[in-house]
Amino acid sequence: MSKEAKEVANIISLTIDGDEYQVPQGSTILEACRAVGIDVPTLCYDERLAPYGGCRLCLVEVEGARGLLPACTTAAEEGMVVRTSTEQVESARRTSLELLISDHPMACTGCSKSGNCELQRLAKRYGIEESQYQGEKHEYPVLRDNPFIVRDYNKCILCARCIRICREVQGVGVYDFVNRGFAAVPGTPYDRPMTETPCEFCGQCISTCPTGALTARPFEERERVWKREMARSACAHFGVSLDEMMEALGVKGWKVRTTCPYCGCGCQLDLQVLDNRVVEVTSPIMVGPGQGNLCVKGRFGQDFISSPDRLTAPLIRKDGELVEVSWEEAIRFTAERLSKIRESNGPDSLAVLASARITNEENYLLQKFARAVLGTNNIDHCARLCHAPSVAGLAQTFGSGAMTNSIDDLEKADAVLIIGSNTTETHPIIALRLKKAVMEHDCKIIVADARRIRMCYFADKWLRQRPGTDVALINGMINVIIEEGLYDRDFIESRTEGFEELKKAVADFTPERAAEITGVDADLIREAARVFARAERAAIVYAMGITQHTTGTDNVISLANLAMLTGNIGKEGTGVNPLRGQNNVQGACDMGALPNVFSGYQSVADAEISRKFAGGWGVKELPQKPGLTVTEMMEAALRGEVKGMYIVGENPMMSDPNIRHVEEALRSLDFLVVQDIFLTETARLADVVLPAAAYAEKEGTFTNTDRRVQRVRKAVEPPGQACSDLSIIADIAEAMGFSMPAREADEVFREMASLTPSYAGITYERLDSGETIHWPCPEEGHPGTPILHVEKFTRGKGAFIPVEYRPPVEEPDEQYPLLLTTGRILPQYHTGTMTRRVPGINEIDPANRVWISPEDAEGLGIASGDLVRVSTRRGQIEAEAKVTSKMPGGLIFVPFHYSESPANLLTVDQVDPVAKIPEFKVAAAAVTLMRKNGGGDGSGNGQGTASPGGGE
Amino acid sequence: MKEEIAGAVRQALQSGRAQAALFLADEDGKLVPRLVRDADDPAIDRVYAGDQRFPASAFAAISLPSVEGVLAVVGRECDRRMINELAKLNHLDLERVLLLGIPCSQELADSCGCDHPVPPDAVVRSETKPAEEKAGPSREMGVPERLAYWMEHFSRCIRCYGCRNSCPLCVCKECALEREELAGSDCFPPDIPIFHIIRALDMADRCIDCGMCELSCPADIPLRELYREVRRVFSEHFGYQPGVSAEERSPLSFLGEEAELGVHE
């Protein structure tokens, strides 16, 4: 390449070990070596971290330089001549290793890191078994002060990777070096146990530690896995890695790559399996949305797979009790009852609840079952309770209801408005990207949340609007942007319509008016608007705080307005980004598990589309009248219009609002069949319970929040007689006289893709080859679409839709003076079905806690740890109080994960008129003290202000 | 010897007696275990015939679930005994394991002090003779002296679990050594002599004297000597030697039945 061409392309050339190479400018020598396949040993290096230069193993010879240079921190320069392995270099490396080993217990055969230890590998490579440097060795106690991380600092080589990853990647900073010289060692503040630090138990520290200093607890403690220990011992003996050993021994299915079953981030997991048990969970570095990072649920929350509570046999209620029956009987009975109800009362007397947790293939088959076999469009799922407004609102404004940008490009934003999303708790991996944007290039974050959530520590501006006043806040910001001429004229002119109407509508929504409604200072609204509008690239990130309102659709529309106003659509680091909560809620929507659309959001009411699907499915015709939503189904059940329900992988008895009402509705059904992996609160009411396979026990795909279709792979066999949802649905269909021959996930996927334009180009071959594909992907050669609306919106031009502010349906009054808002916390997941069966998580977060401000607590005579009752017009629960200054006066927060004190006994069930989503986020409540805590520490929480992992 | 072993492996696969074979291979001076499923797999040419060893039973137990049918395993007499014991503990299905027995060299037998260096039906002819037992100094000591001798050795223990992790018969799901009430699970150095007594008693009816424990111990504790002595006492009273028979169960494994406590001739 010519010099000029190289300069333009930012390529430099250098010589390494006698050969010339071209590498990108800005690479370090280490990166250059790695890029061209030259192995330079390191110990303190991790791709996720800034180079440290601590271990001195990567020293290389650079011609003309004075002394050896560390490759990881030295920039590669044009014309450099590097030698990575001279006598001097190897001698220096050897000395460094011997110094490290001189204070390291070389007991590899007993160490749980054997086979994965970077120090072991290097010691074997250099043939060092014992150090020639004799001297004092440390004798630290092994620290096991929490259920997840074991710290054995005797094995620590002081590479600082744990310190750096906790600080640079996680943004928490639980560790640092304490003491100096020989006594230097990583530690926590004041040597407190991990549970008394802000540690989130993400385990990133474990994932980066090169030795056995930091290891994960869960798998070996409850049940020793001797085969793995023996294999590790063999690794020490033979000097190979654990993966190499397993391969050499021909072990099949040792490491299975799949997608995390928890939230919508869609992190990639490598499940290590021995004897049909998951024994370890790691995440491949620099792969997928997580890039090798996980949260406590993904990394440590997989115990539920082998929980003894798993459903292992079909159950039928006989004489009031659920008894075990054969699959044959269960399927036959279910088919008979469903057919009977359909015959006597018509197809629309049946309803199906699909699942945001099961695979795309299974959801596709379920909506096919509802429509082609039952003959009804009464199919919906819990997206109704979370992002239905996103689908409805963005479909109106943009033409497409999904996250517009990808998790990867969020990092590139110059400003981010985080509104109604406690991102570090609900989407920790996405929060990492946002924190990275702040730490790396000073991205300006605007947090709009009434509580002081963790993202506030990274924020440039914090708007504390009262829950339910988001339209007022956004309209106020829009007013400022228009008023001060900060809007993107070109974008508005060429890409949108309806600007004039919007301008008129917000003309009198001044910051002062917004301040009155929201409680946020008018000048602060101005500043936030300016920061957002002035940024080159500004993104909006939102979640339930925006959607779970009776004005949810309006809230979303106003965000879309804001984004279009400032031209922040269709480029990197911008967009309107609804963070979908569940591992496959996006997929469930995409697959048409919705009452008004088939897969790919193709309308059931459209005659041509209906004909296409009827043809594809081999039936004469399909119902064209849109069906009932989840919230409507419950009402219809109470009225006697819906008589039978088939619920798969959903737990409305915990997740729907006003669960007393839900219980009445479900009990009033003639027939209820529930298909799940555990006997949930909903399953307990069922007439038939069908045991399903968990995510680790089947093949398929999930679609995460940024429209990425990712593979789910089978790692273990399901317990007992549990079966994949795919085969259960197909069996019931066949028993009802409808042939469903496609039983393999890839067959079903192919059928679905042939009928779904946005998925048409995606195949298992492409996914299995490691390709990252965001839909829409209309044909096989298409690379997928990470960013939507680049050239034009899905509907052509973006539509500004003015929205009026409407207050929440139930506001505090004299009888119920506090505002109750509900939500989630990091260690638990949704209705707790999975996470409350993980012993470690129960240890750090044993029970529900009501968050209350110090001023309100004082007035009620409440202190942290006291038992309090929270009551609303719908019901009451009792839980421990958590008095915290994170809460503003007048607001209380209750997470909804706990079956013994379910927050949804309290919530209102009025819904948004368009999206039909309930107002989970606002209700009027009263709090009373039930019993003072004995003064002791019975809950296991630390005293003082530092709170353990459960929710910040 | 290498040719004979390779030949036996090929023969087992070709004849259909086994569907896979497991052996140590010498790949350019580096030793690794290898599982092959084809008689003409080139790895068989590199089968290792030297003195280095590692419990073949452990490899067999790890590989077996991924094999359909019978797994042929190249192993020594101690490997044969390990396999018998693992089978009795229900960790291996003996019907699915075919041992291709190989003898130990005289040097190895002598250094191990082993009286059974050649397995029955070995696939290789050998001249190796049983070696002199290496009793160790503790056998001649009186009780107080013996206690002092062992306590001195145990004092160097760093609780690395190397002995347990490399023992082919340490397969318990719940390990007594990790129980707070038994061996004090968190303390370092370990509570002695209880830590080693627990192991020694467990070894009474299981240890087949492969010596991996002593090989692994970074503190050079003469574990083999300890377990030998315990086994000697045990076998004097019950006449039971671990691993020799595939059918005879350990007297300690009879639950609810009576076992005779007496001296056997």
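A:E572 is partly exposed, with a relative accessible area of 35%; the term covers values between buried (under 20%) and exposed (over 50%), computed with a 1.4 Å probe on protein chains only. In this predicted model, local features require pLDDT of at least 70 and side-chain atom pairs count only at pLDDT 80 or more, whereas totals for chains, interfaces and linings use all residues. Residues are numbered from 1 along each chain as its sequence is written, chains are lettered from A and ligands numbered from 1 in the order in which they are written, and side-chain values use heavy atoms, with hydrogens and water left out.

## Salt bridges

The side chain of A:E572 meets that of A:K412 in a salt bridge, defined as a side-chain nitrogen of Lys or Arg within 4 Å of a carboxyl oxygen of Asp or Glu. A:E572 belongs to the loop between α23 (552-565) and β22 (575-578) of chain A, and A:K412 to the loop between α14 (407-410) and β17 (415-419) of chain A, so the pair ties together parts that are 160 residues apart in sequence. Helices (H or I, at least four residues) and strands (E, at least two) are DSSP runs, numbered from the N terminus. A:K412 is partly exposed as well, at a relative accessible area of 38%.

By the same rule, the count over all chains comes to 76 salt bridges.

| Pair | N to O distance |
|---|---|
| A:E572 and A:K412 | 3.2 Å |
| A:E900 and A:R836 | 2.7 Å |
| B:R228 and B:D209 | 2.8 Å |
| A:E229 and B:R164 | 3.2 Å |

A:E900 is in the loop between β34 (891-895) and β35 (923-931) of chain A, and A:R836 in the loop between β30 (818-823) and α32 (839-844) of chain A, 64 residues apart.

In chain B, the salt bridge of B:R228 with B:D209 has its closest N and O atoms 2.8 Å apart. B:R228 is part of helix α10 (residues 223-238) of chain B, while B:D209 is in the loop between α8 (194-203) and α9 of chain B; 19 residues separate the two. Both partners are buried: B:R228 has 8% relative accessibility, and B:D209 has a relative accessible area of 12%.

A network of salt bridges links A:D408, A:E411, A:R433, A:K436, A:D706 and A:R708.

## The interface of chains A and B

On the side of chain B, 42 residues are in contact with 30 residues of chain A, contact meaning heavy atoms within 4.5 Å. The two chains bury about 3000 Å² between them, 60% of it on carbon and sulfur atoms; buried area is the accessible area (1.4 Å probe) that two parts lose on being put together, summed over both.

One salt bridge is counted between chain B and chain A, and A:E229 and B:R164 meet in a salt bridge. The elements that give two or more residues to the side of chain B that touches chain A are β1 (20-27), β2 (30-36), α2 (56-63), α6 (162-165) and α9 (212-216) of chain B. Of these, β2(B) gives the most, with six residues.

A:T109 is placed in the loop between α3 (87-101) and α4 (118-125) of chain A and counts as buried at 10% relative accessibility. Leaving out residues up to four places away in sequence, A:T109 touches A:S233, A:A236, B:G162, B:N165 and B:S216.

## Buried parts

The largest nonpolar core has 79 residues, and those with the most contacts inside it are A:I149, A:Y175, A:L271, A:F304 and A:M455. Such a core is a set of buried Ala, Val, Leu, Ile, Met, Phe, Trp, Tyr and Cys residues joined through side-chain atoms within 4.5 Å. Its largest share, seven residues, comes from helix α16 (residues 428-441) of chain A. Neighbours within four places in sequence aside, the contacts of A:M455 include A:I418, A:A431, A:L434 and A:V447. Another core, of 68 residues, lies apart from it, and B:L64, B:C167, B:M203 and B:A219 are among its members.

A:V296, in helix α10 (residues 296-300) of chain A, is buried, with a relative accessible area of 1%. Not counting residues up to four places away in sequence, the residues that A:V296 touches include A:F148, A:F201, A:L826 and A:P827.

Helix α26 (residues 630-639) of chain A has A:V630, A:T631, A:M633, A:M634, A:A636 and A:A637 as its buried residues. The elements covering them include β15 (350-353), β23 (644-648) and α28 (659-667) of chain A. After α26(A) comes A:G640, whose phi is positive, near 85°.
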